[in-house]
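Hi everyone, thanks for coming. I'd like to walk you through one model today, so let's get it up on the screen.

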Amino acid sequence: MSHSLDAYLVLSALLFGIGTFGFLARRNAIAMLMSIELMLNAVNLAAVAFGAFTPELQAHAALIALLVMAVAAAEATVGLAIVIAIYRNRRTPLVDEYSSMRE
Amino acid sequence: MTPPGALLPDLALPPFVPFLNWAWDDLLFLLLAGIMLAAAIFVVVGRNIVRSGVAMMLCFAALAGIYVLAGAVIVAAAQVLIYIGAISILILFAIMLTQSKSGPLTLVFHRQAWAGLLAAIGVAVLLIISVVNTVWPLAGEDRLWSATTSVAMLLFNDALYVIALQVVAVLLTAAVVGGVFLAKREDSNDPGEPAPATLERVRPPVSEAAPVESA
């Protein structure tokens, strides 16, 4: 099972689906950011799996995974700073109470 | 001190898992995949968000193990350093800075969460169907073991990746500056004046000091 590319890709698809559900359904802004991290990890897993089974792509896949990790770190920094900045004004981390952004 | 191999000379593993006749790496793959998916589901549905954050660390650790099984050792090391070491700690700090005093929520999900569930199941099923039904012509029969040297040669010799490396460096710098700017307390409009006392009246002073540390 660990010798087939499909097993890794199916696992990546399941993780991406879980992250999608969390991003769409959670009310807490930080839980939404955590779900985004799960989805980014699913993408990384798919890239690494393709690299592991294709000799020409192996080093490229590792590099793409490392670059995605750096971008994810930057995204987490800015996203959490925005959440903290909103929390200081609105006193809640729940996104459905940020209704004044609608207008 | 004798090495442990001398004390336990005949502890070689049998080639297959006893009673199951699986290869050991298949068992390890299933174990790590189960841990990862269970932790991910707990992250998404958990009522207490601090526990969700800790479960996310467990999910990332299991994923690092899967990277090792796939032969990408350097990615696994970076996963442990960046995700478990840095991003999880950042998220846990942000959780603690934004905890409301009323304790865990009674309503974790939106009222439209069923639509999100349908969409997520649809995405996962579509991905799985397309993955299973596709023939990957370039894929080999089995995994390769990673060569870290080739990764380093590619990163610093290929012009495309050198540019990407510089862009990521600029991006990380911008993210640090932006994070500090967004999370810092805004001062009064006049920079010469010290912070006026009216600010203290608008906000409670205890919660005001905390987010500055988080930047």
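So, what percentage of the 215 residues in chain B do buried residues make up? The figure is 20%. By buried I mean that 20 or more other C-beta atoms lie within 10 Å of the residue's own; exposed is 12 or fewer, partly exposed is in between, and the C-beta atoms are placed from the backbone.

Quick housekeeping. This is a predicted model, where local features need pLDDT of at least 70, side-chain atom pairs count only at pLDDT 80 or more, and totals for chains, interfaces and linings use all residues. Residues are numbered from 1 along each chain as its sequence is written, and chains are lettered from A and ligands numbered from 1 in the order in which they are written.

Let's stay with chain B for a moment. Chain B has nine helices and zero strands. Helices here are DSSP runs of H or I with at least four residues, strands are runs of E with at least two, and both are numbered from the N terminus. As for contacts, two residues are in contact if their C-beta atoms, placed from the backbone, lie within 7 Å. Take the contacts in chain B with a separation of 6 or more: 56% of them come from residues 24 or more positions apart.

One spot in chain B to look at is B:P137, in the loop between α5 (113-133) and α6 (148-157). B:P137 counts as exposed because it has 6 C-beta neighbours inside 10 Å. B:P137 and B:G122 are 15 residues apart in sequence, and their C-alpha atoms are 27 Å apart in space.

Now, how do the two chains meet? On chain A, 68 residues are in contact with 76 residues of chain B. The elements of chain A giving two or more residues to that side are α1 (5-25), α2 (29-53) and α3 (58-90). Which of them gives the most? That's α3(A), with 25 residues. By type, the chain A side has 48 nonpolar residues, 14 polar and six charged. Nonpolar covers Ala, Val, Leu, Ile, Met, Phe, Trp, Tyr, Cys and Pro; charged covers Asp, Glu, Lys and Arg; the others, Gly among them, are polar.

Next, let's follow α2(A). Of its 25 residues, 21 are buried, so α2(A) is mostly covered.

What does α2(A) pack against? Before we go through its partners, a word on geometry: axes are lines fitted to C-alpha atoms, for helices over the stretch in contact, and angles run from 0 to 180 degrees between N-to-C directions. Under 35 degrees counts as roughly parallel, over 145 as roughly antiparallel, 65 to 115 as roughly perpendicular, and the rest as oblique.

Start within chain A. The axes of α1(A) and α2(A) come within 8 Å and cross at roughly 165°, which makes the two helices roughly antiparallel. The contact includes A:L5 and A:Y8 of α1(A), with A:A31 and A:M32 among those of α2(A). Its residues divide into 18 nonpolar, six polar and no charged.

Then across to chain B. α2(A) and α4(B), residues 73-97, pack at an angle of about 175° with their axes 11 Å apart, so they are roughly antiparallel too. A:I30, A:L33, A:M34, A:E37 and A:V48 make the contact from α2(A), and B:V75, B:I87, B:I91, B:A94 and B:I95 make it from α4(B). That's nine nonpolar, no polar and one charged.

With α3(B), residues 49-69, the axes come within 11 Å and cross at roughly 5°, so α2(A) is roughly parallel to α3(B). Among the residues that meet there are A:N41 and A:L45 in α2(A), and B:F60 and B:L63 in α3(B). This contact has 11 nonpolar residues, three polar and one charged.

Last stop: the segment after α3 of chain A. A:V95 sits there, and it counts as partly exposed, with 17 C-beta neighbours inside 10 Å. Leaving aside neighbours within four places in sequence, A:V95 is in contact with A:R27, A:A29 and A:M32. Most residues other than glycine have a negative phi. With 14 C-beta neighbours inside 10 Å, A:R91 counts as partly exposed.

That's my tour, so over to you.
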